[in-house]
Amino acid sequence: MVNEATLIIEKELPTDFTVANATAISKGAVLAMTDPLTAILSSGRRDTVAGILAEEKVASDGRTKMPVYRGGIFKGTLSGSATVGDPLSTESGSLNQLRSAVADIGSNLSGSRIIGIAMETGADGDTILFELRPTGWGVT
């Protein structure tokens with residue numbers, strides 16, 4: 001896969017989430033929550049963010065619990081531009097890419113769709129630092 005997030009500063013330990021045994025998921029992939037503590041590969045900005053996968057998941061390896069980061073400082077790739085301090089969401093149709101959620105706030109974007117906060121300003125295709133905050137603190 002491409003555009004996986006890279007852990008820069010571990011601020012908290014990952015939490016075990018249930019994943020499908022038959023599915024392969026790359027380390028650093030953005031995951032969507034489908035049920036309490038159950039995650040799948042994110043497909044876009046309307047997903048409820050679970051976090052970022054901490055280890056590679058090999059298809060059909062027998063593992064159904066995988067560690068998922070829900071906090072920390074990461075590097076991620078932008079789709080479009082973002083300004084430092086912007087809330088970020090995942091980009092629809094662009095696997096593991098981030099986008100500024102500023103234009104969506106107050107319309108169709110809820111706090112559960114926020115993956116984190118931009119810690120750098122960047123343009124389309126740039127890799128920036130962001131703080132992983134899948135709860136969308138303060139964003140409604």
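Is Lys57 buried or exposed? Select Lys57 and see: at 1% relative accessibility, Lys57 counts as buried (buried means under 20% relative accessible area, exposed over 50%, and partly exposed in between, with a 1.4 Å probe and protein chains only).

Before moving on, some ground rules. This is a predicted model, where local features need pLDDT of at least 70 and side-chain atom pairs count only at pLDDT 80 or more, while totals for chains, interfaces and linings use all residues. Residues are numbered from 1 along each chain as its sequence is written, and side-chain values use heavy atoms, with hydrogens and water left out.

Asp61 is partly exposed, at 33% relative accessibility. By this rule the model has 5 salt bridges.

**Stop two: across the chain**

Now pick Lys75 and Glu120, whose side chains form a salt bridge at 3.6 Å, N to O. This pair links distant parts of the chain, 45 residues apart: Lys75 sits in strand β7 (residues 72–77) and Glu120 in the loop between β10 and β11. (Strands are DSSP runs of E, at least two residues, and helices are runs of H or I, at least four, numbered from the N terminus.) Lys75 is partly exposed, with a relative accessible area of 27%, and Glu120 is partly exposed too, with 28%.

**Stop three: a network**

Select Lys11, Glu131 and Arg133 together, and you have a network of salt bridges. Zoom in on Arg133 and Glu131: their closest N and O atoms are 3.3 Å apart. Glu131 is buried, with a relative accessible area of 15%, whereas Arg133 is partly exposed at 23%.

**Stop four: the cores**

Hide the charges and turn to the nonpolar side chains. In soluble globular proteins, these tend to be buried together. Which residues have the most contacts inside the largest nonpolar core? Select Phe74, Leu88, Ile115, Phe130 and Leu132, out of 16 residues in that core (a nonpolar core is a set of buried Ala, Val, Leu, Ile, Met, Phe, Trp, Tyr and Cys residues joined through side-chain atoms within 4.5 Å). Colour β5 (49–53), β10 (114–118) and β11 (127–132) to see the elements that give two or more residues to this core. The largest share, 3 residues, comes from β11.

Apart from this core lies another, of 10 residues; select Phe17, Ile25, Ala39 and Ala50, which are among them.

Key: Salt bridge = Lys/Arg side-chain N within 4 Å of Asp/Glu carboxyl O.
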